[in-house]
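Hello,

Here is the structure I said I would pass on. My notes on the salt bridges and the sheet follow below it.

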Amino acid sequence: MKILIGADIVPTSNNLSFFCDGSVNDIVDKGIIRVMNAYDYRVCNLETPLCDKETPIDKCGANHITPTSAGKRLREFPIDLCALANNHIMDQGTEGLLSTMKTLKENNVGYCGVGNNLNEARKIFTFRLNDEAVGVFNCAEHEFSIAGEDTSGACPYDPLYVFDYISDKKQDVDYLIVLYHGGKEYYQYPSPQLQRTCRRFVEKGADLVICQHSHCIGCEEKYGNGTIVYGQGNFIFYDESNQLGKNSLLIGVDTLDNTILYYPITYSEKVSLSDDDEAKKVLSEFTK
């Protein structure tokens, strides 16, 4: 199976109208659409609740919100699965999360990493093509959004639970992806603790571990039988204050031989596939 993984999606003032009442061609260029259509299954991190009523929680930092009408555009990209375990998915409280899950379901987009309680949020998401099963496990560091035993929210990174769970669930799938929402924002390298965490995921059976949340391209590590990416930047999340945010990566994986491909993307008026010269520069710095 060929799977494409994008990082953070948050509609902002420069493209919100296109998400709600426009075309995907107004948001990304034809090169990105061509790449997305070349894959069997497409995953991203949706870092905003989809809801039409503001019910913001008390927190520091931004309270994201995006109208439910944007859900239709996600399907049109097309995006098949939204990872929701992140530090913004509960920005509009339980009402916002329930609206998000309902909106994605209505638009035939899957989701993972959240639930009405901790047990639901922890569940791995599995999809199949022909005779192959792929699992996606999505968790987040503790920051405003974590589910409780009886309260809705995101799947937490809990070292007393997740590694045994990954080891167990690896037996049920042919290929296992871990999307870890954590690390240091605007920093291109893993801390020693983050590196130990991601290596442990691989030791327990993960084939590919991707750290999201840093909003910048990080670095790659080949470890054991797996690949770890410490930061891929954003997908569609414009932030002019982010000096490292001009470029990001789409990550393609062919599960047959665990081949990993990186597609540099560039932010200008809309998100574009980087031209050859810029792509070479981005990948050179990423490798270095």
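**Salt bridges and sheet**

Lysine 102 and glutamate 106 both sit in helix H4 (residues 93-106), four residues apart, or about one turn of the helix. They form a salt bridge in which the closest N and O atoms are 2.6 Å apart, and both residues are exposed. Please keep in mind that this is a predicted model.

The whole structure has 11 salt bridges. Aspartate 207 counts as buried, because its relative accessibility is 13% and the cut-off is under 20%.

Glutamate 278 and lysine 246 also meet through their side chains (3.7 Å, N to O). Glutamate 278 belongs to helix H8, while lysine 246 is in the loop between strand E13 (234-236) and strand E14 (247-254), 32 residues away. Glutamate 278 is buried at 19%, whereas lysine 246 is partly exposed at 48%.

As for the sheet, it is open and mixed, with six strands in the order E6-E7-E9-E10-E12-E11. E6 (125-129) and E11 (217-223) are the edge strands with a single partner each, so one side of each has no neighbour in the sheet. Strands E9 (residues 175-181) and E10 (residues 208-212) run parallel and are joined by five bridges; isoleucine 177 stands opposite leucine 208 in E10. Helix H8 (residues 276-287) packs on the sheet, where it touches E11 and E12.

Regards

Technical notes. Residues are numbered from 1 along each chain as its sequence is written. This is a predicted model: local features need pLDDT of at least 70, side-chain atom pairs count only at pLDDT 80 or more; totals for chains, interfaces and linings use all residues. Side-chain values use heavy atoms; hydrogens and water are left out. Two strands pair if DSSP finds at least two bridges between them. Helices (H or I, at least four residues) and strands (E, at least two) are DSSP runs, numbered from the N terminus. Contact means heavy atoms within 4.5 Å. Axes are lines fitted to C-alpha atoms, for helices over the stretch in contact, and angles run from 0 to 180 degrees between N-to-C directions. A salt bridge is a side-chain nitrogen of Lys or Arg within 4 Å of a carboxyl oxygen of Asp or Glu. Buried means under 20% relative accessible area, exposed over 50%, partly exposed in between (1.4 Å probe, protein chains only).
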